[in-house]
Amino acid sequence: MGHSGVARESVPEIRVTDAEFERFRDYFYRKTGIRFEDSKRYFVDKRLIQRMRQVGHEGFREYFAFVRFQASGKEFQELVNLMTVNETYFFREEYQLKCMVNALMGEVLHHKRSGETVRIWSVPCSTGEEPYSIALYLLEFWDRIDEVDVEIVASDIDTQALEKARAGVFSRRSVSHLPPWILKKYFEPLAGGYHRLCDDLRASVDFRRVNLCDPRDTRGMRDFDVIFCRNLLIYFDEASQRRAAETLYDALNPGGFVLLGHSESMSRITSLFKVRRFEDAIVYQKPL
Amino acid sequence: MGLVKRAEHRAAPSRPHIRKYGRDLQGLLAQLHDDQAKARRWAARDLAAHTEAVSALCERLQVEPDPTVREAIFGSLLTIGTEAVAEGLIPLLRGEDAGLRNGAVEILQQLPDAVGHRIAALLADSDPDVRIFAVDILQDLAHPDAPAWMLAVVEADEHVNVVTTAIDRLAEVGTPEMVPAIQAVKDRFPNEPFVGFAVDTALKRILGNG
């Protein structure tokens, strides 16, 4: 009896009540535009409790006050890093990459002056698989890559994901959809089934920390011709989707394209964009 | 040709447009009044690099008809983020334009150092609308005194809308120690049915039983 009591006291149980979950959910939504459904409760609680333990808070209330009023905002960023899902792999939704090289790049060039750089933004880029896939696809499957400068900017809200992206080391699962010859040509095998992307390709993507819902971050994101924004808006509610859509609109040159995830539709969010149906994919275009 | 490398990005940011105007401070300030909204917008954006431009940006906000230019001005003011920005934006809280007021609140929320020492004056303003906007600023101000300021509003402000706004905000950050003060609001405004609802809702959140 005494022994078990001591054991309980030495490792205090931390719980997040329903009301505390609601508080956190509302706050997190207000700050990021990401809303957790009730089905995500376990996922959210687990991560909140993990952070409380790490920073030495035994209750939600004091921890939440710490998050809310910390001037640096570092702890909130830690939570964002933990709460955002980073599942991705090379050549995911490859039909859109095909569309990029088969149709979009040609249209983009048609409206550019000779020698002008084409700019592509991958958001959210997570651990880098998407922007590197774009780079690989352009190098291997776009026959005009030697004639044109292409700049690839990749951003994510998660600074840890960005560090991994810059490091360019990927698991076996992450590269499993790549053709073996591409794997051989651009990656160096490492122990444990990992693969390191070659330096040249890693240097071809400019990774930046950007919160799509924060105007301070997005105001510098301009003059893009193609934006990959896949499987992000689906986590936003209507108001946040509209704001994000306007941000993407502002970031594009006239005639520029946005590619969303397969389950997402810009038409349900805003009428700012024109729907374009290409052979490989449906894409949204900022009017010329 | 090919993929541009990161170092090249930094050395030569890809903006191949040929600049029509000078991009120095005087040129940008002049373009802030250009006939073309696009020129004004880019001027507003580039003025983010000039702390001296705060008053010009704030003045332009009050007459700027294009929402995309306003957005750029707010963005630049936030980037600059000085005391002068807070000083320039606070008068907008008294304006009739809801878009400008909301924009000002959003920027001020992000400037705890510049705004913190101005909060007491805002919360003591004779205009209850200004006091409500001050509470709105507190909602997202990363300042350790924010809950105490909101509690003081709950305890002392005489306008029911100001008090219920503060109660609503305290529902997120309030603590059990604040419960008596929040509960007492019902007695201060016995003829306002909404007060009871606001208090009960906040208490449920704070006490964790709702």
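Biologist: Which residue stands opposite A:Phe187 in β5(A)?

Modeller: That's A:Leu197. Keep in mind that this is a predicted model. The two residues belong to a strand pair: β4(A) and β5(A), residues 195-197, run antiparallel over three bridges.

Biologist: How many strands form the open sheet, and in what order?

Modeller: Three, in the order β3-β5-β4 of chain A, with antiparallel pairing. β3 (169-170) and β4 (187-189) of chain A are at the edges with a single partner strand each, so each has one side without a neighbour in the sheet.

Biologist: And where do the side chains point along a strand?

Modeller: In a regular strand they alternate between the two faces of the sheet.

Biologist: Let's turn to β8(A). Is strand β8 of chain A mostly covered or mostly open?

Modeller: Mostly covered: β8(A), residues 252-260, has eight of its nine residues buried. Strand β7(A), residues 224-229, runs parallel to β8(A) and is joined to it by five bridges, with A:Phe224 opposite A:Leu252. Then there's β10(A), residues 282-285, which is antiparallel to β8(A) and joined by two bridges. In that pairing, A:Phe257 stands opposite A:Gln285.

Biologist: Now the two chains. How many residues of each are in contact?

Modeller: On chain B, 44 residues, and on chain A, 45. The area buried between the chains is about 3,800 Å², and carbon and sulfur atoms give 48% of that.

Biologist: What about charged pairs: how many salt bridges are counted between chain B and chain A?

Modeller: Five. To look at one, find B:Glu172 and A:Arg68, whose side chains meet in a salt bridge at 2.7 Å, N to O. There are also 14 residue pairs in polar contact across the interface.

Biologist: Which elements give two or more residues to the side of chain B that touches chain A?

Modeller: Among them are β1 (2-3), α1 (6-11), α5 (67-80) and α12 (160-173) of chain B. α5(B) gives the most, five residues.

Biologist: Which strand of chain A is joined to β1(B)?

Modeller: Strand β2 of chain A, residues 149-156: two bridges join it to β1(B), and the strands run parallel. To find the spot, look for A:Asp149, which stands opposite B:Gly2.

Technical notes. Residues are numbered from 1 along each chain as its sequence is written. Chains are lettered from A and ligands numbered from 1 in the order in which they are written. This is a predicted model: local features need pLDDT of at least 70, side-chain atom pairs count only at pLDDT 80 or more; totals for chains, interfaces and linings use all residues. Side-chain values use heavy atoms; hydrogens and water are left out. Contact means heavy atoms within 4.5 Å. Buried area is the accessible area (1.4 Å probe) that two parts lose on being put together, summed over both. A salt bridge is a side-chain nitrogen of Lys or Arg within 4 Å of a carboxyl oxygen of Asp or Glu. A polar contact is a pair of N or O atoms within 3.5 Å; within protein, one must be able to donate a hydrogen and the other to accept it, and residues adjacent in sequence count only if both atoms are side-chain atoms. Helices (H or I, at least four residues) and strands (E, at least two) are DSSP runs, numbered from the N terminus. Two strands pair if DSSP finds at least two bridges between them. Buried means under 20% relative accessible area, exposed over 50%, partly exposed in between (1.4 Å probe, protein chains only).
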